[in-house]
Amino acid sequence: MKWVRVVFVLVALGILCTLTMWSGGGAAEAAMPADQQKTAKIGSSLIGKLEGPEILRDVKAYPKTFKEAPMLAEKVKAGKLPAVAKRLPEPSQLFVVKPLKETGKYGGNWRRAFTGPADHENANRINSADKILTFDYTGAKIIPCLARDWKVSDDGKTTTIFLRKGAKWSDGKPLTANDFMFWYEDIYLNKNIVPTPFFEFQIDGKDGKMKKIDDYTIAFEFPEPYAFFVYQLAGSTGIGAGFATRGGFQNFGGAYAPAHYLKQFLPKYSSEEAVNKKAKDLGFDNWVSLLKNRYSWALNNEVPVMTPWKTVSPINTPTWSMERNPYFWAVDNKGNQLPYIDKITLTLAENTEVANLRAIAGEYDIQERHMHLAKLPVFLENAKKGNYTVHLDPGFNGSDVAIHIGNAYEADPEISKLLKNKDFRHALALGIDRDQLNEAFWLGAGTAGSVAPSPDTIFSPGPEWNKKWAVLDLKQANELLDKLDLTKKDSEGYRLRTDGKGRLRLEMITVGGQFVPYTQVGEMVKQQWKKIGIDVDVKELERNLAFTRDNSNENQMITWANDGSEMLFLFPRHALPVDAAESHMGMAFAKWYASKGTAGKKPDDPELLRAYDLFRAAFGMKEEDRIKAAKELWKIIVEQTWSIGTVGQSPAFMGVRIVKNNMGNVPERQVNAQHARTPHSSMPITFFFK
Amino acid sequence: MLAYIVRRFLLAVLTVWAISVLSFMIIHLPPGDYVTSYIASMSASGSAVSEGEALALRDQLGLDKPITIQYLKWVALILQGNFGMAMEWGRPVSDVIGDRLTLTIVISLAAIVFTWALALPIGIYSAVYRYSLLDYIFTFIGFIGLAIPGFMLALIIMYVAFAHFGANVGGLFSADFAEAPWSLAKAWDLTKHLPIPAIVLGISGTAQMIRIMRSNLLDELRKPYVMTARARGLSEYRVIMRYPVRVALNPFVSTIGYLLPYVVSGSIIVSLVLSLPTVGPLLLKALIAQDMFLAGTIVLLLGVMTVIGTFISDLLLMWVDPRIRLGRQ
């Protein structure tokens, strides 16, 4: 029987080998679709027209009579809820939306995926209608939101907002200026709760103040001109992102808070012992931790909110579910109280692969978060079976994979010297074949170019800057490197160091498991740089380690998206080293800038210092001057190439949107931007089930 | 006997203390802390945490204090029966783990039942009918089960279930039941979802157990006492089941020590792939987020379970195997 065993072992080995090869080969195939050309065309044909709902600002056109969802009408009938007209603000103070295509139908449960309690932005962004001001569907224009209107004084020092008279919290209590003053005096100015003031509530390091003018008028006052503050109120910032979003972040922002509910958790309104005891009884360390929990709409389903939906089952359970807020203060142009959709249910996917597979199976109604661009062919293949449509929403940022240079890197003097040399950075930038990257990793749906934002955005310095230092030019790249004395090469054709320590070896840090396959892109760049004789080690690190190394200026280069940089002043950290919370381009310099020279290290680069001055001054400038400054800044950033752009303006970053075919009023294309709080800018309150 | 148990108990307490120190240190080994990890995870999903917020967070969580103080604070909390607050979850650690513990135990027990119900009879059969056709087939399947990593099997089964049977992918409940209170229909829904995780989790263990059972039993079958039993005219069933099988079970009993922590944690990778709401993925996420209270408590729990499990298997071994019991006296 011995031969039987031999045969058996051989067969088993054969099967194992096939299995291993199959699994290994599968990964390579996914990264490089065989039929690239065809997919590329499909990719760009899925990008539709940018569209969205309009808000009505002419009071004469406002509806006079109101309707409501059947589930609320029942409660009214049963006497559990006041009539709809009593729940809405005064008719002249309403938020009136003309839906994108048609008047919707009430009802339905919007099914989505979320990945756990850290994924609060998932529904924060749907529920962002409680922002003080917001951006319209183009992402470019500021429109009113929670506030009915705003005014900036001529000197730029005061920004006044006007609230909607009769607007109510989700428990029926009115929202007034007192809720703003409560936030300012009892939350923001309490050092136990907010130990460091918000960057955006300061101009040039000097604190702003909040003042109550009357019950429905609030003024934000600054010691110096701060015309940009209105953008801070409209953007995704600590002060402007709305009570719900900041609570979701477990931070105490939002500029207003439900005083009538939160007072019970503050020592000021009882005593320190009483609130601490309350906290201990509920398992919290102290009253601040308890307050933080009670402040979060995602964790606490009791906190009154101003958002269209309120939490039923909190985010730290397997399903995060919400239902309509009966007091939501918006109506459509026919007088139907919004939102149309009754409920939202987010089910927990322990990993994004499962979320993608479930989306392919048609188990989600609208899902743009966590969907992978690399799976586009599979999404399309199953679209009919899953009864959904795929939309691609490109972003406006220049580069989904920017190779950020560690401008403050010091460890290796020779490499540090080279990285600080503009010509060296230009040579690296010219040595990248961006079209190859675009085809391989973006399925042709991205745009090759520098880090500068899309020419469609207000701050763009012009389309020529998207190509500047961002095209493949091996000849010029080699010339630049030769001029730097990097002329000697080893037998494999790689350039040698000038200090005689062998081959010049750079190190590029990448992070795995993100929206964009950084490591694979890095590996392809490595191949491309071989042609200019530059050797680079691509090293994949765990995300936290990569960021920690950033903080101590240990990274020579790191690949990370420059998302958000299209709104340079709202979110500069991916464009310039100015933010001490996150900076890939030199944390030491960012700290120096943020601390006004008291910490970190002053950069030697005169152009960076010029950029710093311009950037700091821009916050006080009037709108048109500020736009000019932004354009000038982008020119400096591109010319200096502190980060090397590759491919961007793509849907890779939360821009692959799976929409079931029975969903109405969903735009063909929506802005895909952090400041616009996508999908909030498309007004999910007007989405409905056909 | 009593002295033995007391000694083992004291040793166990010491081990648990060592585990607490080690687990706390291991969680602190990676660079950065919960706040850096939070900033990175927000940046990865297109959101931002400002510097002021980061400072405030670090201050509130006490992360700026020296590690020894943080450890003492943690231990003091535990001694009061409070495991701290899970940072990412904003809930007491005991609640977060408690939510998932029941389901984890259900899945793990299902996998263990699957493993044992299959492995023991097959192992016995393979040993008794060595080199028969069925033995080869079982061996073959067993090797495949051993060689294919569980997560890969999970992916394949999940894809096949979705593509060919239109089954609900991953998780333990359909969307309709996830939120519903417990009812018969919900229990039935769970039963429908249970086989895939049980099979995937059980298959490699089954393969391993078949091999162990087979070789142990083979060793025993050769021994003279078996021949004696046969010579005495005992029925074949009685000869095998009464003596050699009992002896061959020893290794199973001694692995109970490892089974206990497994029951509590489930398999991390497979649970992640199949999106099972068990303790495994919770631990992984807590480690990535450097949430020291949550990760520390789970690691501590696993350690304690191992210690208790080993203790129980020692006692069981004494009970099952007279040789050990008598040898000690």
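A residue is counted as buried if 20 or more other C-beta atoms lie within 10 Å of its own, the C-beta atoms being placed from the backbone. In this predicted model, helix α21 of chain A, which spans residues 543-551, is largely enclosed by the rest of the structure, because seven of its nine residues are buried. These buried residues are Arg543(A), Asn544(A), Ala546(A), Phe547(A), Thr548(A), Asp550(A) and Asn551(A). The elements that cover them include the strands β20 (505-511), β21 (535-541) and β22 (557-560) and the helix α22 (587-594) of chain A, together with α2 of chain B. Just after α21(A), Asn553(A) takes a positive phi of about 55°.

The helix of chain B that takes part in this covering, α2(B), comprises residues 34-44, and its axis comes within 9 Å of that of α3(B), residues 51-61, the two crossing at roughly 145°. The crossing of α2(B) past α3(B) is right-handed. Tyr34(B), Val35(B) and Ile39(B) make the contact from the side of α2(B), whereas Ala54(B), Leu57(B), Arg58(B) and Leu61(B) make it from the side of α3(B). By class, this contact contains six nonpolar residues, one charged residue and no polar residues.

Chain A also contains an open sheet of three strands, in the order β1-β2-β14 and with mixed pairing. Its edge strands, each of which pairs on one side only, are β1(A), residues 54-56, and β14(A), residues 330-332. On average, and with direction ignored, neighbouring strands of the sheet are turned by 35° against each other. β1(A) and β2(A), the latter formed by residues 95-98, pair in the antiparallel sense over three bridges, and Ile55(A) has Val97(A) as its bridge partner in β2(A).

Terms used. Residues are numbered from 1 along each chain as its sequence is written. Chains are lettered from A and ligands numbered from 1 in the order in which they are written. This is a predicted model: local features need pLDDT of at least 70, side-chain atom pairs count only at pLDDT 80 or more; totals for chains, interfaces and linings use all residues. Axes are lines fitted to C-alpha atoms, for helices over the stretch in contact, and angles run from 0 to 180 degrees between N-to-C directions. Helices (H or I, at least four residues) and strands (E, at least two) are DSSP runs, numbered from the N terminus. A crossing is left-handed if the near helix is turned anticlockwise from the far one by less than a right angle, and right-handed if clockwise. Two residues are in contact if their C-beta atoms, placed from the backbone, lie within 7 Å. Ala, Val, Leu, Ile, Met, Phe, Trp, Tyr, Cys and Pro count as nonpolar, Asp, Glu, Lys and Arg as charged, and the others, Gly among them, as polar. Two strands pair if DSSP finds at least two bridges between them. A residue is buried if 20 or more other C-beta atoms lie within 10 Å of its own, exposed if 12 or fewer, and partly exposed in between; C-beta atoms are placed from the backbone.
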